[in-house]
Amino acid sequence: MLKQPANKYRSFPPVALHDRTWPDTIITQPPIWLSTDLRDGNQALIEPMNGEQKLQMFNLLVQIGFKEIEVAFPSASQTDFDFVRHLIEQNLIPDDVTIQVLTPAREALIRRTFESLRGAKRAIVHLYNATAPVFRRVVFGLDRPGTINLAVTAAQLFNELAAEQPDTNWRFQYSPEVFTSTELDFAREICNAVLEVWQPAPERKAIINLPATVEVSTPNIFADQVEWMHRHLTMRDNVILSVHPHNDRGCAIAAAELAQMAGADRVEGCLFGNGERTGNVDLVTLALNLYTQGVAPGLDFSQINHVARLVEDCTQLPIHPRHLYVGDLVFTAFSGSHQDAIKKGFSAQSSDDIWEVPYLPLDPADVGRTYESVIRVNSQSGKGGIAFLLERDYNLVLPRRLQIEFSRMVQQAVDTHGQEMAAADLWKLFEQEYLQAVSPIKYLAHHLEEVDSQQTISVTLERDGQPATLQGQGNGPIDAFLQALNLDIRVDHYEEHSLNQGSDAAAIAYVEVTSDCISGSLHGVGIHSNIVTASLLAILSGVNRVLSHRR
Ligand SMILES: CC(=O)SCCNC(=O)CCNC(=O)[C@H](O)C(C)(C)COP(=O)(O)OP(=O)(O)OC[C@H]1O[C@@H](n2cnc3c(N)ncnc32)[C@H](O)[C@@H]1OP(=O)(O)O
Ligand SMILES: CC(C)C(=O)C(=O)O
Ligand SMILES: [Mg+2]
């Protein structure tokens, strides 16, 4: 890299728009959406889609709710031409959907484009030519008037060819390609010249589409450019102002949002941001950003995984695990403090509240994602996440201090093998540590009697493999059992809850025990269909753990 990049690159000049209004605008409704997955997305693929894949994608886009779909560059390939014919001849375009096709400003290609649309009920024909200085100079060898002439001549041909097919409801769109690098006065001049030819009317609006063919500035500058055009275009009332952001600086989403605040009525882009180089703006993210602001986007992503898998199939491009709203990991927290906050958030959230679960801007359930993967445990995790998984999958509601104790064991385990622990792994470790702590003392049976609110217990045990029967008395079974054991062990805390409902209901008991022979405390856990037995098992689990942890 250069030490002085200014010798090779220059900063983008700001727009002199001191009375800009877009910063104070709030987006309260969705734009008109145009999916260009089948055109801009398609032209950027290693292997462009075949007819079958295009049809699959088209049906998906319709299902999602797109009403305007750019389906092809019909003069580019026989596949694209045939696809448009297929949609029209097989009557596959729903009545509320309009297809759009793209053509450069070249006579033969325009003719072929109109030919592809023969018999269509409705269509948007999209004309483009690059307008930026470097393109005028290097690619076309045209000055400003020559560039305008190219666009105007093509626009005139549009009028003629449309007149030859009067049964089609035609709409026209013009894109000054590379708008972002075009002088604003020239962009306005060429757009106005095209509009002059097309003479749009309120009931037959033209679309002026402002592409960030290459994203070259911060999104606030793009917003200024859009607001400037919004204010300076003639016939603005007869124009739908559209934007087409690409993502070269990673700001396409911001650019599209600020552009809407600046006056854009319509946004062109692709699902999950497919498209040339770094992609077109991601329409899924734009729609769900709106949704999380309480604005219905008019696009349905309630089965987002289905959409993702189909798009991956058609494009042969994988979606990144951290891709906004859809990636496999975007609703997952590994880190302890996040897990703790999410667990508390889920507990505090009720179904008719405004969504306020920490770290989750969107309820995964709204896009058809389960809570399965929200919390995953690795070496970065804490007690909250571990407790969440054990509660979600095994109905354990661990007392807080037991959570802390167990999380240390989990930490040790993940530090040793360095891998994630799924809920089943956590359960296995929990069983091993607490439920299988049956040595040196193993419970076999007990008998309990109550006389004058005093409990007498007789417990049959196995100690170091030898059978033993102990007797004890107390004001409850726990007290009586501790008397019977006659060990230097106290129960400081006791909790229980049922594990499931129905005839096979089991209870789980948790005890926290202390002893002079250990520092701090340890927990014991017991599970049994009889709650008293569960308590005795919990005490023995605690006792056995104390005996094996003895200083
Ligand atoms: C930003 C965008 O996404 S624009 C859309 C881009 N999409 C595509 O290009 C995909 C489909 N394209 C194709 O299949 C081919 O490029 C075709 C069929 C359109 C044209 O192919 P070819 O005739 O072989 O020409 P080629 O692709 O080399 O195009 C370059 C020529 O078109 C001219 N040209 C490029 N864009 C335009 C335009 N919008 N209007 C008029 N002429 C144009 C160039 O100046 C160049 O002319 P030259 O041959 O006189 O130097
Ligand atoms: C054809 C135009 C709209 C385009 O795709 C672009 O400029 O990026
Ligand atoms: Mg593009």
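Predicted model: local features only at pLDDT ≥ 70, side-chain atom pairs only at ≥ 80, totals over all residues.
1. A closed barrel is formed by eight strands in the order E1-E2-E3-E4-E5-E6-E7-E8, and the pairing in it is parallel. On average, neighbouring strands of this sheet are turned by 25° against each other, when direction is ignored.

2. Among the buried residues of H9 are Ala252, Ile253, Glu257 and Gln260. The elements that cover them include E6, helix H8 (219-232), E7, E8 and helix H10 (283-291). Just after H9, Gly263 takes a positive phi of about 125°.

3. The unreviewed UniProt entry carries the annotation "binding site" for Asp40, His244, His246 and Asn280. Although these residues are spread over 241 residues of sequence, they cluster in space, and the largest C-alpha distance is 10.3 Å.

4. Two of the annotated residues can be described further. Asp40 is found in helix H1, and because 24 C-beta neighbours lie inside 10 Å, Asp40 counts as buried. If neighbours within four places in sequence are left aside, Asp40 is in contact with Cys270, Gly275, Glu276 and Asn280. His246 is found in the loop between strand E7 (239-245) and helix H9 (252-261), and His246 likewise counts as buried because 24 C-beta neighbours lie inside 10 Å. With neighbours within four places in sequence again left aside, the contacts of His246 include Ala252, Gly275, Glu276 and Asn280.

5. Ligand 1 is surrounded by 16 residues, and the closest are Gln43, Ala76, Pro104, Ala105 and Asn129. Helix H1 (37-43), strand E4 (122-130) and helix H5 (133-140) are the elements that give two or more residues to this shell. Sorted by class, the shell around ligand 1 holds eight nonpolar, four polar and four charged residues.

6. Another sheet is open and has three strands in the order E12-E13-E14, with antiparallel pairing. Strand E12 (490-498) and strand E14 (521-528) stand at the edges with a single partner strand each, so one side of each has no neighbour in the sheet. From one strand to the next, the twist averages 15°.

7. Strand E13 (residues 507-514) and E14 run antiparallel and are joined by eight bridges, and in E14 the bridge partner of Ile508 is Ile527. Helix H17 (residues 531-549) packs on this sheet, touching E12, E13 and E14, and the direction of H17 makes about 145° with that of E14.

Key:
Residues numbered from 1 in each chain as written. Chains lettered and ligands numbered in written order. Near = placed C-beta within 6 Å. Helix = DSSP H or I, 4+ residues; strand = E, 2+ residues; numbered from the N terminus. Nonpolar A, V, L, I, M, F, W, Y, C, P; charged D, E, K, R; others polar. Pairing = 2+ DSSP bridges. Axes fitted to C-alpha atoms, helices over the stretch in contact; angles between N-to-C directions. Contact = placed C-beta atoms within 7 Å. UniProt positions renumbered as here; feature names shortened; annotations may be inferred. Buried ≥ 20, exposed ≤ 12 C-beta atoms within 10 Å, placed from the backbone.
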